[in-house]
Amino acid sequence: MSTTNNIAQARKLVEQLRIEAGIERIKVKQPFSAVLANVSKAAADLMSYCEQHARSDPLLVGVPTSENPFKDKKPCIIL
Amino acid sequence: MRSPPTPEMATQEVPLNETLAHLKTESETLKSKLEEERAKLHDVELHQVAEKVEGLGQFVMKTRRTLKGHGNKVLCMDWCKDKRRIVSSSQDGKVIVWDAFTTNKEHAVTMPCTWVMACAYAPSGCAVACGGLDNKCSVYPLSLDKNENLAAKKKSVAMHTNYLSACSFTNSDMQILTSSGDGTCALWDVESGQLLQSFHGHAADVLCLDLAPSETGNTFVSGGCDKKANVWDMRSGQCIQSFETHESDINSVRYYPSGDAFASGSDDATCRLYDLRADREVAIYSKDSIIFGVSSVDFSLSGRLLFGGYNDYTINVWDVLKGTRVSILFGHENRVSTLRVSPDGTAFCTGSWDHTLRIWA
């Protein structure tokens, strides 16, 4: 690989890292996605989402056979 | 040999006649600064926070349907928004549309290439997109007339310089996002075939992508052979966040339903969860007994369960919050290559190198 290629690649990497390092990190939750939060806050949000939607998650709570189109109403008979 | 610049110096403008050595030192400094900043946010682990959450009970999930018809390895599948139709693609070059309730085949197209690695259903349910070794992504409108030759209406949309690894329609039938072995992702206008935006940043083949849930805005995540998962802004083409903790190729990425996190599955036999606001990996789903790569991952509707299809023919079901495995499912007779939960969360479908697809519930 030529030196010019190496420099071009390294330049790209530095540009990218500058962008990432520039993302503001604060502890308060805000709607804009570029603002960051610490893990305890982020984890709490993930947990609360799970909790809020748990009851409407068919694979999690299980739905009765009559309501799940994939579960056959009659038992399968192997002929 | 000059001593490396101090962190304060790194924030000053680097002179235009920068050399490779200067750039290298600056990138190292920026990398450590990033690590420092990330570490400051790491005050606790996800599974510690989740200790107070109730554990999950026993899960009984079985194969409810087996879709047979492909002549070779199934490589990819996608659900239609109507929650019953499925499109699948195979190494044999065939793309099949199935009614998952009845297991009937509704459409079949033979592609001009083998290894159709990617397929996707259009949001309207009126078309499917697919591609693979032909380096293209083509869209086929689905006709109600079963006798109509679908191949005649084929529209070539995307052109890459290497294989197509994944494709997905955006919120409408009008745009498609693709990822390729050529190391890039791209956004295309379906009608004109025009390239709208390209995404450069991966250092090797990009293997997978997933669009953020529409409420979260215009971003998507991609995973590649460079072990990185990148989050991209669709409008600007910029990579806004990057995660590199996997030890091998990332085969699958999927957003958590809230859009605040995403999961990944890798050849390193682990699945991981990355939180976008904490800007770091927050969970790793692994066991010493699991040594085969993960090909495909997806969440249940609430995000509490993570399903992983593995190269050892099994499906492992993980408790996303606690980090433990809640179930292991057997049935396929070869690698599980693709896995998607249905749009209403009532079932999930897997495709395998054993030529079949299975619906589990």
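**Salt bridges and the interface**

Mentor: Over all chains the count comes to 16 salt bridges, where a salt bridge is a side-chain nitrogen of Lys or Arg within 4 Å of a carboxyl oxygen of Asp or Glu. Bear in mind that this is a predicted model: local features need pLDDT of at least 70, side-chain atom pairs count only at pLDDT 80 or more, and totals for chains, interfaces and linings use all residues. Residues are numbered from 1 along each chain as its sequence is written, chains are lettered from A and ligands numbered from 1 in the order in which they are written, and side-chain values use heavy atoms, with hydrogens and water left out.

Trainee: OK, what does Arg340(B) meet in a salt bridge?

Mentor: Its partner is Asp78(B), at 3.7 Å from N to O. Arg340(B) lies in strand 26 (residues 336-341) of chain B and Asp78(B) in strand 2 (residues 74-79), so the pair ties together parts that are 262 residues apart in sequence. Strands here are DSSP runs of E with at least two residues, helices are runs of H or I with at least four, and both are numbered from the N terminus.

Trainee: And is Asp78(B) buried or exposed?

Mentor: Buried, with a relative accessible area of 12%. The cut-offs are under 20% for buried, over 50% for exposed and partly exposed in between, using a 1.4 Å probe and protein chains only. Arg340(B) has 23%, so that one is partly exposed.

Trainee: Switching topic: what is chain A made of?

Mentor: Three helices and zero strands. Along the sequence that reads α-α-α. Chain A has 79 residues, and buried ones make up 37% of them.

Trainee: How many residues of chain A are in contact with chain B?

Mentor: 42 residues of chain A, in contact with 63 residues of chain B; contact means heavy atoms within 4.5 Å. Together the two chains bury about 4700 Å², 68% of it on carbon and sulfur atoms. Buried area is the accessible area (1.4 Å probe) that two parts lose on being put together, summed over both.

Trainee: Which three residues supply more of chain A's share than any other three?

Mentor: Leu46(A), Leu59(A) and Phe70(A), with 19% of the area that chain A buries against chain B.

Trainee: How many salt bridges does the rule find across that interface?

Mentor: Two. Take Glu26(B) and Arg18(A), whose side chains meet in a salt bridge at 3.0 Å, N to O.

Trainee: What about Leu46(A), which helix has it among its buried residues?

Mentor: Helix 2 of chain A, where the buried residues also include Val39(A), Met47(A) and Tyr49(A). What covers the buried residues of that helix includes helix 2 (20-41), helix 3 (46-49) and strand 19 (261-266) of chain B.

Trainee: And where does Gln16(A) lie?

Mentor: In helix 1 of chain A. Gln16(A) counts as buried, at 18% relative accessibility. Its side chain reaches the backbone oxygen of Cys239(B) at 2.8 Å. Leaving aside neighbours within four places in sequence, Gln16(A) is in contact with Gln238(B) and Cys239(B).

Trainee: Last one: what is the phi of Ala269(B)?

Mentor: About 70°, a positive value although Ala269(B) is not a glycine. Most residues other than glycine have a negative phi. Ala269(B) is in the loop between strand 19 and strand 20 of chain B, and at 5% relative accessibility Ala269(B) counts as buried.

Key
A polar contact is a pair of N or O atoms within 3.5 Å; within protein, one must be able to donate a hydrogen and the other to accept it, and residues adjacent in sequence count only if both atoms are side-chain atoms.
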